[in-house]
Structure formats: structure tokens, C-alpha cells
Amino acid sequence: MEIKLFNTMSRKKELFKPIKKDEVGFYGCGPTVYNYAHIGNLRKYILDDLINRMFRYNHFKVNYVMNVTDVGHLSSDADSGEDKIKKQAEKEKKSAYDIARFYEDRFFEDTAKLNILKPDVTCRATEHIKEIINLIKKIEKNGYTYLSGGNLYFDVSKFKDYGKLARLKMDELKAGARIEVDKNKKNPFDFVLWFTESKFKNQEMLWESPWGIGYPGWHIECSAMSIEYLGNQFDIHTGGIDHINVHHTNEIAQSEAATGKKPWVKCWIHSEFLVADKGKMSKSSGEFLTLQILINKGYDPLDYRYFCLNTHYRKPLMFSFEALDSARNARERLNNKILEIRKNVGYSHKTKNDYSIKFKESVNDDLNLPKALAVLWKVLDDPELGDREKYDLVMDFDSVLGLGLEDLEEKTVELNEKDKKLILERETARKNKDWKKADEIRNIFIKKGYILKDTPKGVKVEKSNI
Ligand code: AMP
Ligand code: ZN
């Protein structure tokens, strides 16, 4: 069956044609590991996971590569400010490496809880300095660079199609309109390939290079590692929409300048933002929700996954706890339904239906997961289908949805007298709006491996999956 994907480069839904038959090479820009991932970041990795699962569902051999940015990402995407990891290391009084490894581990814990499959390759920038230097050397040899103020810059005026992804109109943009002006740059759009000590004296992560001791810029990391694992041209590259204007625009310029092969990437896929009351959720604003905060409030990570599946990835997703509650209720209904039909799976009742086709058409149509979820509910509500058939269809769908439906356990918990008393105490605390006490009691249950769910019919206690 054909697969259609919206390509940011053409701004159109296109028929996907792989470079190699039945194979897909796919690179997703990974996390910058200087803080916990917020749930907005995680929306983007859920999208990557859906792309990965969708291709596997279509029997493709997938090579999914994700980087970990553990050096070089400055507080502005356009080379100004401080290195994000260095800044956090100073704040936490730890080494930059300790910061990077700590937050990387937390990131992979979160993604595992969201049933995000591990990429085929994960690669850290600090472990690919040789590849980065070699790529910069090629760009330099082809005449696209200059040294200034100790840094090596990419000269965008030498690259004909600079800005084509973002449709930047270079002549209309005034210096400083998009980015802060760095005095060393010939053109405000130029960007750093290699920083030397001249930029930050106390940088802990430093390497020798032909341009002096220093460290790579953020954009070159992604070009070097994707080319290393996927070749000079590959099928798909993903990121959040904030990456279109600077990061991906610069990645294209560097990569095509180095290899001369165009287009470097065939299809660009960008995830819209998760927005909260105050606008886009961001790590730099310091106000954000992590997965752990949701867990502490009694949600299952898969409630958040379900919440994300309900909105198409190219639409902004407004976060609210009310909306998350609706997703949790829908997932609970789904789980209960599966547990119920699972009891009758011995019973076979074959009817002709086209649900499999409809489901696949939806996921293959630019990852229309809201429509795919609607197909799943139609299956469950169809009185013509037997339970065996429903169960088999839904388990098949779940290889894309990733809602862990095969591993569902009966979660009802038998409470002892002491716990029952605690629950009553919490109910009283809640009635008196003593949220502190209510949360303390909830935490006692979380530590025991239980989740407390406040439903209109009262509190429910379930075994936690986490
Ligand atoms: P970072 O770790 O800051 O490099 O960001 C990781 C990914 O999250 C990037 O692809 C960003 O584009 C994406 N991202 C950042 N903020 C949001 C948000 N509020 N909603 C969705 N994605 C986001
Ligand atoms: Zn990247």
C-alpha cells in the first residue's frame, strides 16, 4: 500500500519513494541533554516512534538514527549565548560530562515508559568528533568557510540555495531580524562550524582540530552523524518546527556543500508544538511539565501517549489536565474493553471486514493517527465482529499505536485495612482542600507501586506499570 508523507521542503503531501527499495534511512534530531525532557519534547519523539513503527508495519527495513547533543548547543540556535550543558554544569556544580550522561539516562527512561522503541543507532556528538572534523574539512576544501575571531564559519553567500527549506527571502531580511549579530560574521546568517577557545575560555569539552583546540557547532553534529550512519543521501529527517529556520537550514547547507549531492534528504518531517497556557512549552523558560510530574500526579505515561495520538502531528496540541483526563478515561475504557474481550478469545467468529485496510490507509496517510484510533474504536464497537477477531485486529493495530495492549494486566488491588484507612484520610483531606496531605498520601501509594485515580465514582487503586 502506498505511503504519503508531508514534506516540509515542498509543503505538500508526497508519495513516499525510498532511495533503496523496501528500506528507509531516517534521522531524528535528538535531545540536548542539559535538563529533563519536557512533555513537549516528548511529543516529537512519539512522532519519530510512529514513523518508525509505521514503516515496520509496512515491512520496511528501517534504519532509524538519533543523535544525543552533549556539546555545542548554545542558548541561541544562532551561535550566541552560552553552551547549554556548560551552563547547567556550573549551576549544578557538576562536570559537563556528568550533566550530559545524567540527563541522557533520564531521557531514555522517559521514552521507554512511553513505549517509544529504541532507535537502531543512538550517537553522541562527543563520540563523533573525528567524523565532525572530517566533514568540516570537506566543506573547507570546497571553499565554503572562513576563519574569524578564532572560529570557523560557514559562509552562506557561497551556497546557492541557502534558506530553501524555510523559504527565507535573504534579500528581504535585515541583519539581526532573525538572529543576533556576531561581529565576527561576514553575513548574519553565517554560522559556526568549529568554536575555538576564543569563544569560551572555561569550556571543559575540548578537542584538537586543524582550526585550534575547541568544539563543534550544534548544526554540524547532526550533518556528520547522519551522513556517517545513513550515507550522503537518505530518506527522512525529522525535528520540531522550530528547527526549520536555523538548524535544518544550516544542516542542509553544510551537508550539500560537503558532498555536492542534492538533495541531501528526500523528505523533511516536522512536528508541531505542544502548547500550554503561556504558549510553547520550553526548557529555557524553566516552566515546563516533565513525564515524572505527570506520573507523580497519578497519570500513566501511556495516558500522555494516547493524548498525543489523538491530534495530528502537524497541528499544535494544547495541553491541559482536563484534556489529559479525557485521554486517560478513553485509554481506561480501551483497556477494560480489551481485558473483557480477552476472556473470550477462544471464540472465533469470522466476518468479512476492511478494518485492517482502513487502519493502514490512515497511518500511511501522513500518519493520521486520530483517524487510525477511530478505526480501532469502530472495531471494538462493531456488534458483527467476534471477540477473537476484535482482539487480533486490535493487537495488530497496537504494533503502530504502542499502547501496550498485549501486556495488559488485571489491575484491581485488594487493600488491607491500614491502606483503606489511608484512602479515607485522603478523601477527607481532599474534601477539606488540604492538597498537601492528599498528595503525601498519594505518594505513599506510589512508593508501594500503586496508582490512585480520582474518578467521579470515587478513588480507584490500581497496580502501576512503572
Ligand atoms: P531539544 O532537546 O531542546 O534540542 O529539543 C528536542 C526536540 O523537541 C526538538 O526537536 C524540538 O524541536 C522539540 N520541541 C521543543 N519544544 C517543543 C514543544 N513545546 N512541543 C513540541 N516539540 C518541542
Ligand atoms: Zn539536529
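Mentor: Four strands form an open sheet in the order 6-7-8-9, and their pairing is antiparallel. Strands and helices here are DSSP runs numbered from the N terminus (E, at least two residues, for strands; H or I, at least four, for helices), and two strands pair if DSSP finds at least two bridges between them. Strand 6 (145-148) and strand 9 (214-216) are the edge strands, each pairing on one side only. Neighbouring strands are turned by 25° against each other on average, direction ignored; axes are lines fitted to C-alpha atoms, for helices over the stretch in contact, and angles run from 0 to 180 degrees between N-to-C directions.

This is a predicted model, in which local features need pLDDT of at least 70, side-chain atom pairs count only at pLDDT 80 or more, and totals for chains, interfaces and linings use all residues. Residues are numbered from 1 along each chain as its sequence is written, chains are lettered from A and ligands numbered from 1 in the order in which they are written, and side-chain values use heavy atoms, with hydrogens and water left out.

Strand 8 (residues 191-196) is joined to strand 9 by three bridges, and W194 has P216 as its bridge partner in strand 9. Across strands 6, 7 (151-154), 8 and 9 lies helix 4 (residues 129-141), running at about 125° to strand 8; contact means heavy atoms within 4.5 Å.

As for the metal site, C29 (SG), C222 (SG) and H247 (NE2) coordinate the zinc ion (ligand 2) at 2.1 Å. Donors are N, O and S atoms within 2.8 Å of the metal (3.2 Å for Na, K and Ca); water is not among the atoms, so sites may look incomplete. C29 lies in the loop between strand 3 (23-28) and helix 1 (39-57), and C222 in helix 5 (residues 218-230), so the pair ties together parts that are 193 residues apart in sequence. C29 is buried, with a relative accessible area of 3%, and C222 is buried at 1%; buried means under 20% relative accessible area, exposed over 50%, partly exposed in between (1.4 Å probe, protein chains only).
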